[in-house]
Amino acid sequence: MSRVLIIGAGGVGSVVVHKCCQVPEVFSDIMLASRTKAKCDAIAARLPVPIQTARVDADRVDELVALMQDFKPELCINVALPYQDLTIMDACLACGVHYLDTANYEPRNEAKFEYKWQWAYQDRFKEAGLMALLGSGFDPGVTNVFTAWAAKHHFDEIHELDIIDCNAGDHGQPFATNFNPEINIREVTAPARHWEEGNWIETPPLSTAHDFDFPEGIGPRKIYLMYHEELESLTRHFPALKAARFWMTFSDNYLRHLEVLQNVGMTSIEPIEYNGQQIVPLQFLKAVLPDPASLGPLTRGRTCIGCLVKGMKDGREKKYYIYNICDHHKCYEEVGAQAVSYTTGVPAMIGAMLMLTGSWRGTGVFNMEQLAPEPFMEKLNLHGLPWTEVIL
Ligand code: NDP
């Protein structure tokens with residue numbers, strides 16, 4: 001029986017609330033708070049059980065503290081935007097509340113993905129006797145746990161890791177992103193970075209690609225090398241890794257639109273003067289693109305996200321692949337959201353459940369791979385994200 005505060009009423013927040021409501025024996029009292037209360041109320045109206053809702057500006061520690069002092073949650077699930085991670089962590093420290101998120105902190109004026117800002121909270125969370133769980137979505141999140149599971153149960157030492165994220169779905173829109181457009185485009189247009197023999201190698205955005213044959217009828221798709229935040233924590237926690245890379249599929253149509261938008265300056269995060277006021281082109285673009293939450297009823301097809309791992313077992317080389325396949329429309333039928341929101345929201349609920357029930361307990365700041373993978377892997381199968389493993 002626990003009180004949980006969920007911040008962020010977007011595509012992911014909606015899934016987290018729906019999934020928490022499915023486990024009332026753990027999440028007995030739920031509050032959904034976000035910048036726009038009407039969005040929280042609209043989600044609440046679709047739920048099978050009543051929850052509380054509130055308006056909060058999560059950029060402001062004082063507003064967060066007032067809300068937490070009033071609602072008194074044990075845990076705060078942050079599914080607002082990465083910009084709010086530090087203010088929400090500060091409020092959790094001030095109020096004695098455990099913390100969980102799905103994306104690492106990013107400064108608003110620089111597309112930079114690094115854990116250093118959140119890892120710097122280690123001592124403060126330890127001293128307060130609190131736990132902060134970072135990156136409990138799919139990637140980061142499940143991919144970290146898949147890696148920990150592979151390292152523990154299939155290898156003596158892991159040497160190569162390829163995280164491969166395929167969205168083989170189609171929403172029928174000329175151009176739309178499956179999660180927050182601003183965050184998505186900042187990530188995709190950043191230089192690629194991968195780990196090779198103890199060094200980070202940087203290459204131009206989307207400049208390295210090859211075909212990968214996805215399982216269960218999805219078939220071959222082009223995957224593009226990118227940088228993703230879990231590479232930083234995984235290379236730190238699995239120091240035997242000689243190579244670690246992150247790959248994602250994009251349709252030709254998505255890339256064509258993105259190229260034009262970049263060429264005309266619409267993806268820039270540098271403020272410009274327009275009609276006497278400062279606007280950030282990427283934030284304006286977000287305002288005219290479809291809301292990712294609106295893609296739920298439109299999207300068909302499946303996602304396939306997994307880890308390809310190479311290493312040594314009993315003195316021999318071994319290659320192993322573990323993945324989840326998720327069907328967009330089935331997600332929509334269950335919780336009213338497409339699979340990208342679903343595959344992020346379910347692991348956030350599971351991470352929260354493991355923290356609240358004591359399966360995952362500790363003080364300080366944790367990445368997912370630092371905790372025992374077994375209970376999380378078991379819950380994935382039970383709560384809508386079953387996984388398959390193959391020895392290659
Ligand atoms: P959305 O843009 O759909 O939702 C974000 C929500 O946060 C909105 O409701 C927004 O409010 C709210 N919000 C923004 N700023 C504030 C603020 N200052 N105070 C309070 N609320 C605020 O994003 P998604 O649901 O698609 O993504 C949510 C998070 O999940 C992001 O951090 C994203 O990076 C992460 N993510 C992680 C993935 C993973 O696998 N690990 C995959 C996909 C996403 P309003 O409605 O008023 O704008």
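The model is a predicted one.

Let us begin with the overall division of the chain. Domain 1 covers 2-137 + 349-356, while domain 2 covers 142-339 + 383-391. Between the C-alpha centres of domain 1 and domain 2 there are 23 Å. Their contact draws 19 residues from domain 1 and 18 residues from domain 2. On the side of domain 1 that touches domain 2, H1 and H13 each contribute at least two residues. H1 gives the most to that side, with 6 residues. Sorted by class, the side of domain 1 that touches domain 2 holds 9 nonpolar, 7 polar and 3 charged residues.

**The ligand shell**

Which residues come nearest to the ligand? Of the 33 residues around the ligand, they are Gly10, Val12, Ala58, Gly137 and Phe179. Helix H1 (11-21) and helix H13 (339-357) are the elements that give two or more residues to the shell around the ligand. The largest share, 3 residues, comes from H1.

By class, the residues of the shell around the ligand are 16 nonpolar, 12 polar and 5 charged.

**Two helix pairs**

Two packed helices are described by the angle between their axes and the distance between the axes. The table sets out these values for two pairs.

| Helix pair | Axes come within | Crossing angle |
|---|---|---|
| H3 (residues 61-71) and H4 (residues 85-95) | 9 Å | roughly 45° |
| H7 and H9 (residues 230-237) | 10 Å | roughly 20° |

Take H3 and H4 to start with. Their axes cross at roughly 45°, and the two helices are therefore oblique to each other. The crossing of H3 past H4 is right-handed. From H3, the contact uses Val61, Leu64, Val65, Met68 and Gln69, and from H4 it uses Thr87, Ile88, Asp90, Ala91, Ala94 and Cys95. By class, this contact of H3 with H4 comprises 8 nonpolar, 2 polar and 1 charged residues.

Now for H7 and H9. With a crossing angle of roughly 20°, H7 and H9 are therefore roughly parallel to each other. The crossing of H7 and H9 is right-handed. Here Thr143, Asn144 and Thr147 of H7 meet Glu230, Ser233 and Leu234 of H9. The residues of the contact of H7 with H9 are 1 nonpolar, 4 polar and 1 charged.

**Two backbone details**

Finally, a look at the backbone itself. Most residues other than glycine have a negative phi, and most peptide bonds are trans. Where does the chain have a cis peptide bond? The bond from Asp139 to Pro140 is cis, with omega near 10°. Pro140 sits in the loop between strand S6 (131-134) and helix H7 (142-153). The other detail is at Asn275, a residue other than glycine with a positive phi, near 50°. Asn275 belongs to the loop between strand S13 (272-274) and strand S14 (277-279).

Notes: Residues are numbered from 1 along each chain as its sequence is written. This is a predicted model: local features need pLDDT of at least 70, side-chain atom pairs count only at pLDDT 80 or more; totals for chains, interfaces and linings use all residues. Axes are lines fitted to C-alpha atoms, for helices over the stretch in contact, and angles run from 0 to 180 degrees between N-to-C directions. Helices (H or I, at least four residues) and strands (E, at least two) are DSSP runs, numbered from the N terminus. Angles under 35 degrees count as roughly parallel, over 145 as roughly antiparallel, 65 to 115 as roughly perpendicular and the rest as oblique. A crossing is left-handed if the near helix is turned anticlockwise from the far one by less than a right angle, and right-handed if clockwise. Two residues are in contact if their C-beta atoms, placed from the backbone, lie within 7 Å. Ala, Val, Leu, Ile, Met, Phe, Trp, Tyr, Cys and Pro count as nonpolar, Asp, Glu, Lys and Arg as charged, and the others, Gly among them, as polar. A residue is near a molecule or strand if its C-beta atom, placed from the backbone, lies within 6 Å of it. Domain bounds come from an automatic or database domain assignment.
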